[in-house]
Amino acid sequence: MFVIKYRKFFYALSILIVAASIVCISIWGLNVGIDFKGGSIIEIEYTGTRPSQESIISAIAPLELTASIRATGENGYIIRMKAIDQAEKTELMDVLTQNGALQITEKRFDSIGPLLGAEALRKAIVSIIFVLLAIVFFIAFAFRKVSEPVSSWKYGLVAIIALAHDVIVPTGVFAVLGHFLGYEVDTLFVTALLVVLGFSIHDTIVVFDRVRENLKNASNNKPFSDIVGESINQTFTRSINTSMTTLLALVVLYFVGGESTQHFSLVLIIGIVAGTYSSIFLGSPLLVTIERFRARKGKK
């Protein structure tokens, strides 16, 4: 009953975190990767000691590639720039090797046109919207026999509020990381968000399903808030244990994996923490708030 009793505190905390995330997104925006805006990315590794980042920046400045350079590993760099052709790439490689004086290994090179990038961004947004709508319809169907004291479609509405929380929070964090550390939002970021949505809704449905079962078995005079509180208590340990085991694997992946998997796992870590919180401290208590609002409206 602790969660239900102090639900207003958890609402306020959620609103504060979401508001801060929205402010960060509004002020700084997202550092969109070449997947969405088009451009080229090359990852290189020097055989010996790599030159300093400042010297690399100075060396490629005359090429006017509007490049961003980030160190990776012990001897490598990842360079993101506008879309370049083969001739420009050859010129870039000459500069990076100091006309053959240094030995480098090209680990990857990708180039995406602006039209393909814009199409990828549109499809990413559509996919997230489609998933959210599909979740609402699924929950409304799964809880169709639940009409009292909260109707089935309101379960879907509460789930969407919780999922919006789970999407906005990691997006806000990446707005901050993108501004200060150059973290980019790419297709892997969208993939991670979709995974978070699936994980979070699974956790939320477990609690909702326990509420449904307890409603069937409860006496008619038992308060709905007590039923929801008992349902949270019955699923609390299971939710925490499931999230912790998943987070342990993701933390290991973050520290052991490469740069691409680091950012992917970081989104999942933030999203799963936010999702576990929203399933327990936001979604289910909202059912109680809706039920009490309905009861007060009925008395009037």
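Guide: Let us begin with Gly-258, which is found in the loop between helix 9 and helix 10 (259-299); helices (H or I, at least four residues) and strands (E, at least two) are DSSP runs, numbered from the N terminus. This is a predicted model, in which local features need pLDDT of at least 70 and side-chain atom pairs count only at pLDDT 80 or more, while totals for chains, interfaces and linings use all residues. Residues are numbered from 1 along each chain as its sequence is written, and side-chain values use heavy atoms, with hydrogens and water left out.

Visitor: Is Gly-258 buried, partly exposed or exposed?
Guide: The classes rest on relative accessible area, where buried means under 20%, exposed means over 50%, and partly exposed lies in between (1.4 Å probe, protein chains only). Gly-258 has a relative accessible area of 41%, and therefore the class is partly exposed.

Visitor: What distance separates the C-alpha atoms of Gly-258 and Thr-72?
Guide: Along the chain, Gly-258 and Thr-72 are 186 residues apart.

Visitor: Where is Gly-283, and is Gly-283 buried or exposed?
Guide: Gly-283 has its place in helix 10. The C-alpha atoms of Gly-283 and Tyr-11, which are 272 residues apart along the chain, are separated by 9.8 Å. Because its relative accessibility is 1%, Gly-283 counts as buried.

Visitor: How far is Ile-232 from Val-167, counted between C-alpha atoms?
Guide: Ile-232 belongs to helix 9 and, with a relative accessible area of 2%, is buried. Ile-232 and Val-167 are 65 residues apart along the chain, and their C-alpha atoms are separated by 23 Å.

Visitor: At what angle do helix 8 and helix 9 cross, and with which hand?
Guide: The axes are lines fitted to C-alpha atoms, for helices over the stretch in contact, and angles run from 0 to 180 degrees between N-to-C directions. For helix 8 and helix 9 (residues 224-256), the axes come within 9 Å and cross at roughly 150 degrees. A crossing is left-handed if the near helix is turned anticlockwise from the far one by less than a right angle, and right-handed if clockwise; the crossing of helix 8 with helix 9 is right-handed.

Visitor: Which class describes the packing of helix 4 against helix 5?
Guide: Helix 4 (residues 53-60) and helix 5 pack at an angle of about 140 degrees, with their axes 10 Å apart. Angles under 35 degrees count as roughly parallel, over 145 as roughly antiparallel, 65 to 115 as roughly perpendicular and the rest as oblique, and therefore helix 4 is, relative to helix 5, oblique.

Visitor: What is the phi of Thr-66, and where does Thr-66 lie?
Guide: Most residues other than glycine have a negative phi. Thr-66 lies in the loop between helix 4 and strand 2 (68-72), and with a relative accessible area of 67% Thr-66 is exposed. Although not a glycine, Thr-66 has a positive phi of about 45 degrees.

Visitor: Which loop holds Gln-98, and what is its phi?
Guide: Gln-98 sits in the loop between helix 5 and strand 4, where its relative accessible area of 45% makes it partly exposed. Gln-98 is a residue other than glycine with a positive phi, near 55 degrees.

Visitor: Which helix supplies the largest share of the lining of the largest pocket?
Guide: Lining residues have an atom within 4 Å of a point of the pocket, which is an open set, on a 1 Å grid over the protein atoms alone, of points with protein on both sides within 12 Å along at least five of seven lines. There are 17 lining residues, and Leu-30, Ile-125, Ile-128, Thr-171 and Leu-193 lie nearest the centre. Helix 6 (114-142), helix 7 (152-181) and helix 8 (187-217) each supply at least two residues of the lining. The largest share, 6 residues, comes from helix 6.

Technical notes
1 Å grid on protein atoms, 1.4 Å probe; cavity = no way out; pocket = protein on both sides within 12 Å on 5 of 7 lines; lining within 4 Å.
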